[in-house]
Amino acid sequence: MSRLRIGAHQAALSYVPDGDFKAAIHTHSFSEKYARYNAYDVMPTGDGIWGLVVKQRAPIRITTDELYAHPAFKEFSGLKNGQGLEHPPMPGWLAVPVLRRDGGLIGVVQLSDKFDGEFTEADEDQLVQLAKFYTATFELQYVYEDLRRLTGALRQATRELQRSNAELEQFAYVASHDLQEPLRMVTSYLQLLERRYKANLDQDASDFIAFAVDGAARMQTLIQDLLTYSRVGTRGASFEPTDSQAVLDQVLMNLEVAIAESDAEISFGSLPSLSADTSQMAQLLQNLIGNAIKFRGDSPPRIRVEATRESDDWRFSVQDNGIGIDPRYSDRIFQVFQRLHGIGQYPGTGIGLAVCKKIVERHQGNIWVESQPDAGATFFFTIPVNLDTIPESDLAAATSGPAG
């Protein structure tokens, strides 16, 4: 491009990143006048007049006589390649460094044997502008290469993370499953001991057995909840068209006893049809509404379920008039086995919201809470309108878990 624009029989572009000649790439373009030199392949080494441009980071423009009189050129002009082809003659020479925006060297663009006369200052200015174009081109290439490397590293890290998560989920499932049998045995033998030797036990011994049985029962509940959590990722069904209003209706039927006992009133707006794992969508809503009933204040629960479309997402909300949550704990409550209240105050293991978070993230959404103590809470979660399809697992759909 530079040879024809300025009008010269010879042009060369050399890529020399930061002056590293070992990494240099050299290409040239000749007119028919110099066609016999197309096979000349001696790479610049940084010596000679060419190397001055690299070292000085400044253009050099000299006439034919000045070029052949220059001591640095004399050392280079006689070099021959492996086939005995010597360096082409160079009537006049114009060379400009290609610099990064931070001043680092990218390479050198050079011209020789102008069509008409010697190279002028105007030619030099034009080649400097072309060099700036090359700068932008090379820097875009740098960005592309960096992006490709980063993308590759990100893909590898993602694969490793997916593998690690799959192994952890499988471990949690197997460990939880295998732990249940010895716990059932401990509980059974404690209860058998109590029944068989009850007449021979004093009150302290009976209390100790009761404490042990209660502890084993709570441990079994924790294990079952851990199984529920692990199954969200490993036992999920494929996404399919889901009527969220029908899902809510089923959830309200499941919670019918709790709603009646607490005198709760649940209202809802228009709810959309969307792509989702129907079973997990029910589990998500049941956990959130169940929590709203459980963590109620002195007044009967008043719960509102709504959904609105915001750009490419459906944003669901579950609002209540319960005891509320200190904003300091708005992230902590979504972690596994995190409780803000003592075991005796409210039932549950503290895994319900962690399950909700995992379900929402599997659906490529986000979940958060807005609340103040004694002022109720509103839980929000999003699900994309056009949710990417996940291939159907050959495992069963996730089972419904505890509310919290």
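Reply: What follows describes the sheet, then a few features elsewhere in the chain.

The model is predicted. Its secondary structure amounts to 10 helices and 12 strands, and 5 of the strands make up the open sheet, in the order β7-β9-β10-β12-β11. Pairing within this sheet is mixed. Strands β7 (265-268) and β11 (367-371) are its edges, each pairing on one side only. From one strand to the next, the twist averages 20°.

Strands of a sheet pair through backbone hydrogen bonds, and the pairing can be parallel or antiparallel. Strand β9 covers residues 302-310 and β10 covers residues 313-319; the two run antiparallel and are joined by 7 bridges. They form a hairpin with 2 residues between the strands. Ser311, in the turn, has a positive phi of about 60°. Glu310 has Asp313 of β10 as its bridge partner, while Glu306 stands opposite Ser317 in β10.

Strand β10 also pairs with β12, again in the antiparallel sense and over 7 bridges. Here Arg315 stands opposite Thr382 in β12.

Helix α9, residues 278-294, lies across β7, β9, β10 and β12. Relative to β12 (377-384), the helix runs at about 170°.

In helix α2 (residues 48-56), the buried residues are Gly48, Ile49, Trp50, Gly51, Val53 and Val54. Arg57 comes after α2 and has a positive phi, near 55°. Helix α5, residues 121-196, contains Tyr189. Tyr189 counts as exposed because its relative accessibility is 56%, and the cut-off for exposed is over 50%. Together with Met185 and Leu192, Tyr189 forms a nonpolar patch on the surface, with about 310 Å² of accessible area for the three together.

For the protein as a whole, 43% of the 404 residues are buried. The accessible surface comes to about 22,200 Å², and carbon and sulfur atoms account for 53% of that area. Among contacts between residues at least 6 apart in sequence, 70% join residues at least 24 apart.

How values were computed: Residues numbered from 1 in each chain as written. Predicted model: local features only at pLDDT ≥ 70, side-chain atom pairs only at ≥ 80, totals over all residues. Heavy atoms only, no water. Pairing = 2+ DSSP bridges. Helix = DSSP H or I, 4+ residues; strand = E, 2+ residues; numbered from the N terminus. Axes fitted to C-alpha atoms, helices over the stretch in contact; angles between N-to-C directions. Contact = heavy atoms within 4.5 Å. Patch = residues over 30% accessible without salt bridge, like charges linked within 9 Å, V, L, I, M, F, W, Y side chains within 5 Å. Areas by Shrake-Rupley, 256 points an atom, 1.4 Å probe, with all protein chains shown as cover. Salt bridge = Lys/Arg side-chain N within 4 Å of Asp/Glu carboxyl O. Buried < 20%, exposed > 50% of the residue type's maximum accessible area, 1.4 Å probe, protein only.
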